[in-house]
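Trainee: Could you show me how to read the relation between chains and the contact surface between two of them?

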There are 4 protein chains.
Amino acid sequence: MHALVLEKAAQLCLRDIDIPEPMGTRDVRIGICTVGVCGSDVHYYQHGRIGPFVVKAPMVLGHEASGVIIEVGSGVTHLKVGDRVCMEPGIPDPNHRATKLGMYNLDPSVRFWATPPVHGVLRPTVVHPADFTFRLPDNVSFAEGAIVEPLAVGMHAANKAQVKPGDIAVVIGAGPIGMVTTLAALAAGCSRIIVSDVQPPKLAKVATLGPVTVVNAAEQDLSAVVEEVTEGWGADIVFEASGNSKAGLEVFQLVCPGGRVVFIGMPGEPLPYDVVGAQVKEARVEHVFRYAHVYPRALALMGSGKINVKPLITDTFPFADSLQAFDFATKMPPSSVKVQIELT
Amino acid sequence: MHALVLEKAAQLCLRDIDIPEPMGTRDVRIGICTVGVCGSDVHYYQHGRIGPFVVKAPMVLGHEASGVIIEVGSGVTHLKVGDRVCMEPGIPDPNHRATKLGMYNLDPSVRFWATPPVHGVLRPTVVHPADFTFRLPDNVSFAEGAIVEPLAVGMHAANKAQVKPGDIAVVIGAGPIGMVTTLAALAAGCSRIIVSDVQPPKLAKVATLGPVTVVNAAEQDLSAVVEEVTEGWGADIVFEASGNSKAGLEVFQLVCPGGRVVFIGMPGEPLPYDVVGAQVKEARVEHVFRYAHVYPRALALMGSGKINVKPLITDTFPFADSLQAFDFATKMPPSSVKVQIELT
Amino acid sequence: MHALVLEKAAQLCLRDIDIPEPMGTRDVRIGICTVGVCGSDVHYYQHGRIGPFVVKAPMVLGHEASGVIIEVGSGVTHLKVGDRVCMEPGIPDPNHRATKLGMYNLDPSVRFWATPPVHGVLRPTVVHPADFTFRLPDNVSFAEGAIVEPLAVGMHAANKAQVKPGDIAVVIGAGPIGMVTTLAALAAGCSRIIVSDVQPPKLAKVATLGPVTVVNAAEQDLSAVVEEVTEGWGADIVFEASGNSKAGLEVFQLVCPGGRVVFIGMPGEPLPYDVVGAQVKEARVEHVFRYAHVYPRALALMGSGKINVKPLITDTFPFADSLQAFDFATKMPPSSVKVQIELT
Amino acid sequence: MHALVLEKAAQLCLRDIDIPEPMGTRDVRIGICTVGVCGSDVHYYQHGRIGPFVVKAPMVLGHEASGVIIEVGSGVTHLKVGDRVCMEPGIPDPNHRATKLGMYNLDPSVRFWATPPVHGVLRPTVVHPADFTFRLPDNVSFAEGAIVEPLAVGMHAANKAQVKPGDIAVVIGAGPIGMVTTLAALAAGCSRIIVSDVQPPKLAKVATLGPVTVVNAAEQDLSAVVEEVTEGWGADIVFEASGNSKAGLEVFQLVCPGGRVVFIGMPGEPLPYDVVGAQVKEARVEHVFRYAHVYPRALALMGSGKINVKPLITDTFPFADSLQAFDFATKMPPSSVKVQIELT
């Protein structure tokens with residue numbers, strides 16, 4: 001099949017590749033419609049690796065995908081040919097202890113699209129377990145369906161934070177993950193989100209997503225804004241979505257007594273962390289890794305109009321222009337959030 | 001001062017009454033603007049009692065109130081004269097064990113407006129602890145401020161349910177409490193609410209509040225609707241807001257495995273309760289009594305536009321027409337939700 | 001193989017029966033050593049059915065078992081031939097939604113030993129998934145290993161109650177489930193358990209299990225004892241382990257504000273339930289169905305000496321005397337708790 | 001009254017001092033019996049300050065105390081003259097927002113014994129709020145009562161960890177706080193505690209407290225021991241009670257997927273913290289500051305024999321030898337845990 005293949009670092013090619021995919025009884029075959037370009041795709045393109053994951057053989061990129069069911073296994077009951085769907089890109093081992101406890105995202109043996117040596121889905125079709133394939137509500141487009149994957153990260157972070165209705169949250173960082181976290185936290189009950197970043201176009205975009213107060217951290221004191229908005233109490237929740245090395249000190253200045261901090265951003269190395277600052281407020285700190293059990297929830301909220309991801313879909317390319325899409329994504333202007341590639 | 005006084009059952013009078021109210025250092029004096037009529041006010045009016053609480057002496061009615069600060073005690077720092085506010089009607093004993101644990105609503109020695117022998121606030125002014133007095137956001141009117149009290153019941157129920165974003169909930173009963181529970185549950189992250197009642201005007205009203213599916217229980221099978229909407233899984237949460245005697249059997253047919261049930265409605269006597277039905281789903285059942293710590297949260301959500309209570313304010317009377325207001329409330333048409341009385 | 005077969009109601013036979021059991025790669029074959037007699041075994045023996053589960057063909061009884069590994073599948077890594085083990089009797093469908101969420105006990109398609117049409121384990125060997133087979137600590141005997149199954153019910157109830165260290169709990173009912181709940185609740189951090197029953201020998205037994213206050217409900221007022229022990233506050237937790245029809249009224253008199261109630265006993269029909277009594281205390285009510293994920297925890301506590309089940313093993317019969325064992329169990333004296341059958 | 005007065009850094013004096021103490025209606029006056037010497041007392045003695053808290057005027061030391069009620073205020077109902085008691089040393093502002101939410105330990109305006117400028121209780125009598133004064137069970141001695149204060153820190157940590165029965169925990173550090181955390185975690189349901197330290201006498205002591213595995217971190221690899229004990233899964237909980245600067249890296253190597261980390265030790269400055277290590281396991285990290293609502297729980301567990309603090313009381317001095325007691329405490333041998341001073 002014709003696919004976008006990463007031959008090795010910096011060498012991307014739209015070419016035929018043979019990917020044998022037998023169907024199991026609980027599998028479906030999906031015709032791919034739309035695939036979003038993730039920072040990890042771009043990173044593999046530029047560097048040929050992410051940490052211990054090294055591209056040693058040609059690998060198809062892409063893991064944020066939507067499509068249409070074209071074949072169903074004999075044991076599949078909840079999906080049928082023609083259903084519009086999106087898919088979780090990671091398939092865990094059902095027998096791993098974490099999976100059995102309900103935390104399948106923590107199974108280290110997960111097979112995840114476009115993580116070597118597993119092929120991604122910038123290609124016409126894929127076979128996938130029906131259990132990780134989710135029907136799109138009628139009012140959710142393929143483009144929106146393909147953004148459920150990054151949205152799921154924000155949803156999972158909001159779940160871990162155990163948002164209570166009326167909470168005031170801070171989101172540090174207005175990149176794609178900060179954006180989806182803002183959407184998820186608002187849908188989860190926050191009354192206001194204070195988002196900080198240093199790039200005005202990103203702040204301008206995030207300000208359109210709901211009751212959001214933006215802070216240009218290059219010019220304003222985030223701590224002072226939080227103190228004012230919360231009348232001196234501090235934010236109920238701080239979502240760290242920047243990976244910034246100062247985050248481990250800053251979050252405890254921002255959070256309220258008994259508040260929660262969620263580390264979503266992945267810094268390159270250990271951070272300085274203010275234990276005593278966390279103690280005097282008895283902060284609860286959560287850490288998230290991908291997501292589990294949230295696709296149906298994200299889709300339900302999109303279907304009922306409570307999450308609108310359309311403002312995040314800023315740049316769309318046809319499949320034939322996939323290389324241009326990746327080149328655009330490598331030097332994406334701050335006014336762009338999500339690049340997508342349409343296969344059909 | 002001139003007040004709406006319940007002399008005894010069925011005898012209501014707008015007349016002068018002397019209510020001495022010394023100011024403490026942590027108190028404020030509030031000029032009352034708007035007061036909602038609650039079912040309990042109507043019940044005292046009709047019967048002169050609610051359970052063990054008997055009206056033995058003339059008592060001012062009304063506990064859902066908003067107003068303007070006209071005097072502040074010397075120890076009050078967060079409020080000033082001229083602030084627009086609403087008030088929690090119950091003042092707990094700070095030394096009660098439940099209060100110290102943070103559950104002040106469970107203190108049985110609470111003094112609650114318009115619960116004998118404590119006067120309510122259908123009168124020009126009241127002295128109240130500043131700690132139970134909350135500033136209204138600029139975009140929240142006095143009428144909306146006066147509805148925070150019943151909304152707080154719904155907010156508290158949503159808190160107890162620990163709504164997760166994307167949950168699908170059932171609300172049994174579309175009376176005022178069912179309405180505010182619907183608003184609160186949506187604000188708390190539910191993607192859809194299935195509301196059942198037997199009165200079409202109530203269902204028509206609640207259907208306007210957001211992604212709501214209405215079920216006329218006189219004509220439709222609620223259980224079948226829940227099964228269809230949830231694809232056979234069951235509702236994540238069932239809010240019982242009717243006090244109906246069959247609720248203890250029905251809720252466990254509706255809820256999903258591991259789901260939550262919240263009893264808000266207060267039935268007149270013990271219900272038949274399906275223990276085994278609850279066990280095979282390991283339902284968690286919560287019970288709510290008034291509310292605690294939710295006024296600031298409700299106001300924050302109203303201020304940011306995430307909760308809109310305006311559709312619930314259906315009938316407004318001037319203070320001089322208070323008796324008519326109560327007579328209207330005693331035989332309120334199903335299209336009405338909340339009667340309010342304006343003092344200024 | 002030679003097995004204890006229930007031919008039909010009231011007809012039990014120790015005879016040969018053919019049970020083909022292919023080994024899967026993730027299975028183990030276990031030589032059975034000890035099997036406890038459960039109330040459900042006795043009920044099938046007496047009545048040939050439990051609710052919808054009807055014995056339509058000869059069925060081997062017994063599901064509380066320990067044994068020795070005699071064969072391991074090629075995919076099994078954590079067990080080896082010769083390991084002393086006990087087994088969970090229920091095998092869920094790994095693809096059921098409840099299972100994937102970590103609540104495998106709520107999968108209605110579970111296959112459970114000695115529940116028609118699934119054979120139990122009063123027979124020499126059984127093939128079982130390694131994932132539901134657990135190694136016994138060296139200091140845990142086969143007899144103790146065979147009691148992990150009922151203990152797991154108590155453990156699960158204690159988990160659901162979210163015992164906090166120092167909690168005071170009530171256990172209503174001193175049958176086998178009341179006993180294991182008492183042990184589990186003490187191990188989980190309760191400082192004292194108040195156990196009520198009407199049979200003095202049961203109370204005498206449970207009084208030996210730790211800091212237990214016993215109440216003969218035929219002679220004493222449980223509510224008064226709880227009030228005295230808790231200085232008027234109420235019990236932090238009430239475990240209902242009797243199935244008594246008055247439980248739905250009584251538990252809310254006993255529990256403290258903000259306390260928890262766990263329904264373990266399965267009454268034959270819906271109970272009268274005091275909603276308002278539950279509301280004024282905002283009780284959280286949990287319902288348990290079997291158990292999930294607790295075998296390793298129970299074994300760890302037995303291994304470290306924090307749970308001692310030996311006092312519960314009151315009557316032991318050799319396999320050849322299985323019929324006598326069942327006849328004894330059907331009219332068990334109140335001083336007996338658990339009847340076990342030794343196969344080797 | 002005659003008291004142990006810290007005149008300034010390094011200058012301690014047993015002398016008369018005038019401390020006027022009016023009784024409020026909700027207060028009690030207590031004759032002090034036993035006072036433990038805490039690390040903070042020793043630190044004030046040596047340095048005259050702890051962080052921002054500076055001894056600017058003579059201050060009585062001591063905050064771990066037990067005694068006998070000698071006078072009760074008119075509003076006190078649950079205590080009477082002659083009651084044997086211990087006391088929480090911190091008195092929060094009941095009107096602070098954190099206090100009202102039930103987190104009174106997070107009120108920064110708390111008045112805490114022997115924290116400048118508040119006098120401690122190494123003196124004959126003290127007036128204290130009855131609400132923070134707790135009756136000792138009959139079988140709990142004054143010496144044991146005086147150790148409830150440090151034990152409360154461990155209890156609070158165990159509460160925050162939400163120990164589930166059968167959990168395996170690591171405690172890093174076998175100082176007094178590591179010891180009380182070990183006791184509390186065992187009482188809270190842990191089946192085994194793995195304690196690491198570098199001082200063999202401390203490890204020898206902690207090994208006597210229950211099912212404890214000790215690790216001499218100078219000689220053994222803690223991570224390897226945890227892996228072996230937990231069969232490769234990791235510890236359910238890691239309690240950090242050392243304040244060591246490497247803790248923020250180590251804890252995430254030790255904890256299991258979905259596990260919890262509690263920072264009790266207070267390092268002098270920010271730690272390097274392994275965010276990604278925490279993320280791949282989705283660790284929940286809690287931070288504790290003193291304690292709240294745990295005195296009655298600790299006393300209940302001591303009364304029922306589930307916590308035995310006697311092994312921790314290693315060195316006792318009469319009041320007249322208080323200076324020797326402090327000199328001993330400043331250079332305490334590793335075999336000592338807690339120094340106490342007896343006033344009567």
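The dialogue below takes up symmetry, then an interface, then strand pairing.

Mentor: This is a predicted model, in which local features need pLDDT of at least 70 and side-chain atom pairs count only at pLDDT 80 or more, while totals for chains, interfaces and linings use all residues. Residues are numbered from 1 along each chain as its sequence is written, and chains are lettered from A in the order in which they are written.

Trainee: What rotation superposes chain B on chain C?

Mentor: Two copies of a chain are related by a rotation about an axis and a shift along it. Here the rotation is 180 degrees with 0.0 Å of shift along its axis, at an RMSD of 0.0 Å, by least squares on the C-alpha atoms of residues with pLDDT of at least 70 in both. That is the relation of a two-fold axis.

Trainee: How many residues of chain D are in contact with chain A?

Mentor: Contact means heavy atoms within 4.5 Å, and 37 residues of chain D are in contact with 37 residues of chain A.

Trainee: How many salt bridges are counted between chain D and chain A?

Mentor: A salt bridge places a side-chain nitrogen of Lys or Arg within 4 Å of a carboxyl oxygen of Asp or Glu. The count between chain D and chain A is 2, including the one in which Lys160(D) meets Glu282(A) at 3.1 Å, N to O.

Trainee: Which residue is the bridge partner of Val285(A) in strand 19 of chain D?

Mentor: Strands are DSSP runs (E, at least two residues), numbered from the N terminus, and two of them pair if DSSP finds at least two bridges between them. Strand 19 (residues 284-287) of chain A and strand 19 of chain D run antiparallel, joined by 3 bridges, and the partner of Val285(A) is Val285(D).

Notes: Heavy atoms only, no water. Helix = DSSP H or I, 4+ residues; strand = E, 2+ residues; numbered from the N terminus.
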